[in-house]
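I open this notebook to record what I looked up in the structure. The entries follow the order in which I went through them.

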Amino acid sequence: MDLLKKAIERMPKYELVLAPTPLHRLKNMEKEYDYSNIYIKRDDLTGLGPGGNKLRSLEFIIGEAISMDCDTVIAGGPEQSNFCTLTAVACAKAGIKCILVHNGEKPKSLEGNIVLNELLGVESHFIGKVDSSVRGKYEEELAERLENEGKKPYIAKKGATTGVGALGYVNAIIELVNQCKTDNIKLDSIYAPGGNGGVATGLIYGNALAGFPFKINIISVEYDKAELIKNIEETILEVEELLGLKFEHSVEDASNIIDDYRGLGWGENTTESSNEVLAFPRSEGIFIENVYNSKVLVGMKDQILKGKAEGNICYLHTGGFGSLFSQYK
Ligand SMILES: Cc1ncc(COP(=O)(O)O)c(C=O)c1O
């Protein structure tokens, strides 16, 4: 792990996360499922804005933008993108202008993350319901216009599923190993969501380079298994290039990618995930949103019931609190 630590310490980083985020037991769930040692890693409490996983990526994204002397960061995503809102809060803290590009329509009434973006006074472009490649082109053209005006824009690409963005969860593995040591906690298995695969890439790569302290279980919420693995493989290549350290494994050998709880796909609730959004806060006092965290919990609980969960398990809560307020109205 020393090599990994040294390699990541060489990367430009702007501190945003109140690390380490809390790690504690879910005692009510342990009782309900008659399973000892269920932990939660509270990346919903990363410490800025509504919190969440993307702040870890943004430490390295904003770090890179600052190292390149950029004065404006452009980020894109759907209207309720957690990445967009967290980019806006990160830019506020770093004193950099933020411009958000949403591939969606401006909602008639402000809700969820859009409220937070308004409160932050961020410049938002709503470019209608187009796919993410069209949004990417818009971001490039916007950057070009800004450059012509003498600005120095930086585009935070692909919702942070890039090599630089994935460094956030490589770093989180180092944090978790140290936290377990300091707090005398033994963790065997981690359960985390797989959207585009940035979180998964960081966890899988970091865990392998740290000598496999944990078993990484990724619950896919967006793509089928083959496509998620392809995304992770491509992003791992970028991380290898940045850190100069080879992964030397296959994604399938180094992790457990599970595609049994996705239902009809991103943002489409299953009966179980809709129930979980109510069950989890009512049992633990911790809110989860619908798209990512509910399906991970459904998956983890099902694995417990089927006897597939191994040893002391840990659910990685990735936040997304802002979007919850648009999911229930
Ligand atoms: C709250 C939350 N959790 C998890 C994820 C998944 O991250 P990734 O796209 O890196 O797989 C996202 C991505 O937007 C998110 O907003």
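**Entry 1. Terms and model.** I take two strands as paired if DSSP finds at least two bridges between them. Helices (H or I, at least four residues) and strands (E, at least two) are DSSP runs, numbered from the N terminus. The model is predicted: local features need pLDDT of at least 70, side-chain atom pairs count only at pLDDT 80 or more, and totals for chains, interfaces and linings use all residues. I number residues from 1 along each chain as its sequence is written.

**Entry 2. The four-stranded sheet.** I looked up the strand order and found an open sheet of four strands, β5-β4-β3-β6, with parallel pairing. β5 (123–126) and β6 (153–156) each have a single partner strand and stand at the edges, so one side of each is left without a neighbour in the sheet. Direction ignored, neighbouring strands of this sheet are turned by 20° against each other on average. For angles I use axes that are lines fitted to C-alpha atoms, for helices over the stretch in contact; the angles run from 0 to 180 degrees between N-to-C directions.

Strand β3 (residues 72–77) and strand β4 (residues 97–102) run parallel and are joined by six bridges. G76 has V101 in β4 as its bridge partner. Helix α4 lies across β3, β4 and β6 and runs at about 165° to β3. Contact here means that the C-beta atoms of two residues, placed from the backbone, lie within 7 Å.

**Entry 3. The six-stranded sheet.** In which order do the strands of the open sheet of six strands stand? I read the order as β1-β2-β10-β7-β8-β9, and the pairing is mixed. The edge strands, β1 (23–25) and β9 (256–258), each pair on one side only. From one strand to the next, the twist averages 25°.

**Entry 4. β7, α8 and β8.** I followed the chain from β7 (189–194) through helix α8 (residues 198–209) to strand β8 (residues 215–220). β7, α8 and β8 make a right-handed β-α-β unit. A crossover is right-handed if, with the strands pointing away from the viewer, the path from the first strand over the helix to the second runs clockwise. α8 lies across β7 and β8, at about 150° to β7.

β7 and β8 run parallel and are joined by six bridges; S189 stands opposite K215 in β8. On to β9: three bridges join β8 to β9, and these strands also run parallel. N217 stands opposite N256 in β9, and I219 stands opposite I258 in β9. I noted as background that in a regular strand the side chains alternate between the two faces of the sheet.

Is β8 mostly covered or mostly open? I found it mostly covered, with five of its six residues buried. A residue is buried if 20 or more other C-beta atoms lie within 10 Å of its own, exposed if 12 or fewer, and partly exposed in between, with C-beta atoms placed from the backbone.

**Entry 5. G194.** This residue is found in strand β7. G194 counts as buried because it has 31 C-beta neighbours inside 10 Å. Not counting residues up to four places away in sequence, G194 touches A200, I218, I219, S220, V221, L228 and I257. I also took the separation to Y223: 29 residues in sequence and 8.2 Å in space, C-alpha to C-alpha.

**Entry 6. The shell around the ligand.** Which residues come nearest to the ligand? Of the 18 residues around it, these are N82, G195, G198, T318 and G320. A residue is near a molecule or strand if its C-beta atom, placed from the backbone, lies within 6 Å of it. α4 (82–94), β7 and α8 each supply at least two residues of the shell, and α8 gives the most, with three residues.

**Entry 7. I114.** I located I114 in helix α5 (residues 113–119). It counts as buried because it has 26 C-beta neighbours inside 10 Å. Leaving aside neighbours within four places in sequence, I114 is in contact with E79 and P107. I114 and E79 are 35 residues apart in sequence, and 6.9 Å apart in space from C-alpha to C-alpha.

**Entry 8. The whole chain.** The protein chain has 13 helices and 10 strands. Of its 329 residues, 48% count as buried. Among contacts with a separation of 6 or more, residues 24 or more positions apart account for 79%. The C-alpha trace spans about 60 × 50 × 35 Å along its principal axes.
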